[in-house]
Amino acid sequence: MRRSRFSVALAAFALALSGLVAGGGTAGAANLLTNPGFEAGSLSGWTCSGGSAVTTPVHSGGYALAATPAGSDYAQCAQTVSVLPNTTYTVSAWVRGNPVYLGITGGASTWSGNAGAYNQLSLSFTTAASQTSAQLYLHGWYGAGTYYADDVILDGPGGSTPGTPGAPGNPAVGAVTASSIALSWGASAGTVTGYRVYEGSTLRTTVTGTSATLTGLTACSTHSYTVAAYNTAGESPRSATATGSTTGCVDTGLPKHSLIGYLHSSFANGSGYVRMADVPAAWDIIDLSFGEPTSVTSGDIRFNRCSAAECPNVESDADFIAAIRAKQAQGKKVLISIGGQNGQVQLTTTTARDAFVSSVSAIIDKWGLNGLDVDFEGHSLSLNAGDTDFRNPTTPVIVNLISALKTLKAKYGSGFVLTMAPETFFVQVGYQFYGGTSGGDARTGAYLPVIHALRDSLTVLHVQDYNSGPVMGLDNQYHTMGAADFPIAMGDMLKAGFSVANTGQFFPGLRPDQIAVGLPAAVSAGNGYLAPSVVQTAVTCLAKGTGCGSYTLRGGASPALRGLMTWSINWDKYYNWEFQNNHEPFLNALP
């Protein structure tokens, strides 16, 4: 967040202008295949001439397909799905063998030959004007030995096979406990044998009625479900996604609706230095900006307070600590924020990971802080080619950061406050492009694995809804900074969840209490400043579901929305506390 921070925003905007971000989206896209990763432990859903689900070698999860051609048979496995006419679909599979073929019957096909490791095949096809079904196939070749396949995706909107039921009504979350979530939905048209409830591609339960209770869940965890009806003719298209969270979350001591701000503690940045004791009581979380690494890949984080030369009114360390204690006595949370515009952090090795944990712990202990804010920007996070599953990342900088944050959380316990401040490029742009899957920018969506892995430990996610290019929302329209629809659409994506580019995977939404809207405090603080009335229009929409203009919330209203974050407390003081004076009473008045 430091200074102007236009680099990633300009990169996203350049992508939009170049057409990489423009064009058709993935609206309604989903993996149409049943048992796509063979995680049923069988070939359920597939028609195969031989073959079985095996536990090794796999690309991800616990199972993969193994099939061995014999005689004149080349061990084909196929699955037919319902599709829409005149629609483009994408297909991919991770395969191992020499050769392995992937294709659509009567259409496109591709192959590769690598018996030593999994590699990804991909293709796309467009259905004909009257086409309502498509068959995907995998096979090896005569006498060429066993081939393996895993994580197969046929991505796009589903159609209806004649005789199958219609799609169920959109599911709604009912009663929740610490270990269960109840769902209900509207009945499907046609003959219905029962309903299947899925979490991602995993079948969770089958029922005969229009409600189900998912049990055995972890306390304070978030889950996203879809429902499909079925009969002897097949399965219907799946419903829209419903996201719910179990109870049992640890009380962090924060107000229901909080005001969160960054305090320039290691620099002045043109807005002037503000002593900790002079920070008004309106601010519920105060992020000390910034802890930065000794080098990009060292993992060794240092927090150096602003010098008297740059900040003539800087207080002593003793007074700074005393002021922190006073804020904490008022129930405020004071965190160290790591990164910012200039603090690139790449934990490329386990040595860097361990140095990160050690040095951040030393900062927290020295100043007596409540937790950590992760503000990794620029080139801190990116995804290696082939790292396509946000649920099981393989890129070292991602894996090591997740490990480090989990270690810190375990060390300091349930009261440890963990927040994150990614830019839209690293989160919501993942709806269209995911860095590990395309030839575009490897940073797109790169925060998603981190957020997902820490979702049950994350206190607040406040994406920076500023310094951003246009971003496609769940309505498949581009939203641009400068109006209420931008934070509305961006916030709705975090609550509702979204399909991740062409991976066939769904990023589940977060709990409302984990979501805050991040905005600049003033015109000098960042690109995308919104007048207080516009900010409050956006928050009212997200919290109450009213005043949303032409946008329809996919995730529903969020009465427990955590609140507002701003860059920065210093800039707010410079502009006579406009952000604080308008928004603290507004947040306090929310139900």
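User: Which residues of helix α2 are called buried?

Analyst: Phe320, Ala323, Ile324 and Lys327 are the buried residues of α2. A residue is called buried under 20% relative accessible area, exposed over 50%, and partly exposed in between, using a 1.4 Å probe and protein chains only. The model is predicted: local features need pLDDT of at least 70, side-chain atom pairs count only at pLDDT 80 or more, and totals for chains, interfaces and linings use all residues. Residues are numbered from 1 along each chain as its sequence is written, and side-chain values use heavy atoms, with hydrogens and water left out.

User: Why are the buried residues of α2 said to line one face of the helix?

Analyst: Seen down the axis of α2, these residues fall within an arc of 105 degrees, so they line one face. The arc is taken from the directions that lead from the helix axis to the C-beta atoms. On the face turned away from this buried side, α2 carries the exposed residues Ala318 and Ala329.

User: What do the buried residues of α2 pack against?

Analyst: They pack against β19 (285-293), β21 (333-340) and α3 (350-367). Contact means heavy atoms within 4.5 Å. The names come from DSSP runs numbered from the N terminus: helices are H or I runs of at least four residues, and strands are E runs of at least two.

User: What makes the length of α2 close to the expected one?

Analyst: The expected span is 1.5 Å times one less than the number of residues. Helix α2 (residues 317-329) has 13 residues, and its first and last C-alpha atoms are 18 Å apart, close to the expected 18 Å. After α2 comes Gly331, with a positive phi near 90 degrees.

User: Why does the span of α7 agree with expectation?

Analyst: At 1.5 Å a residue, the 13 residues of α7 should span 18 Å, and the end C-alpha atoms are 18 Å apart, so the two values agree. The buried residues of α7, among them Ala538, Cys541, Leu542 and Ala543, pack against α6 (485-496), β29 (516-520), β30 (563-567) and α9. Gly545 follows α7 and has a positive phi, near 75 degrees.

User: At what angle do the axes of α7 and α9 cross? What is the handedness of the crossing of α7 and α9?

Analyst: The axes of helix α7 (residues 532-544) and helix α9 (residues 578-589) come within 10 Å and cross at roughly 30 degrees. Axes are lines fitted to C-alpha atoms, for helices over the stretch in contact, and angles run from 0 to 180 degrees between N-to-C directions. The crossing of α7 and α9 is right-handed. A crossing is right-handed if the near helix is turned clockwise from the far one by less than a right angle, and left-handed if anticlockwise.

User: Which residues make this contact of α7 and α9?

Analyst: Pro532, Val535, Gln536, Val539 and Thr540 of α7 meet Glu578, Asn582, His583 and Phe586 of α9. By class, the contact has four nonpolar, four polar and one charged residues. Here Ala, Val, Leu, Ile, Met, Phe, Trp, Tyr, Cys and Pro count as nonpolar, Asp, Glu, Lys and Arg as charged, and the others, Gly among them, as polar.

User: What is the handedness of the crossing of α3 and α4?

Analyst: The crossing of α3 and α4 is right-handed. The axes of α3 and helix α4 (residues 396-412) come within 9 Å and cross at roughly 35 degrees. Residues including Phe356, Val360 and Ile364 in α3 meet residues including Ala404, Leu405 and Leu408 in α4. The contact of α3 with α4 divides into eight nonpolar, five polar and three charged residues.

User: Why is Pro508 called buried?

Analyst: The relative accessible area of Pro508 is 12%, so the residue counts as buried. Pro508 lies in strand β28 (residues 505-508). Leaving aside neighbours within four places in sequence, Pro508 is in contact with Ser224, Phe390, His452, Arg455 and Gly497.

User: Why is Ser239 called buried?

Analyst: Ser239 has a relative accessible area of 9%, and therefore counts as buried. Ser239 is placed in the loop between β16 (234-235) and β17 (242-245).

User: Which kind of peptide bond joins Asn98 and Pro99?

Analyst: The bond is cis, with omega about -5 degrees. Pro99 is in strand β6 (residues 88-104). The peptide bond from Ser289 to Phe290 is cis, with omega near -5 degrees, and Phe290 is found in strand β19.
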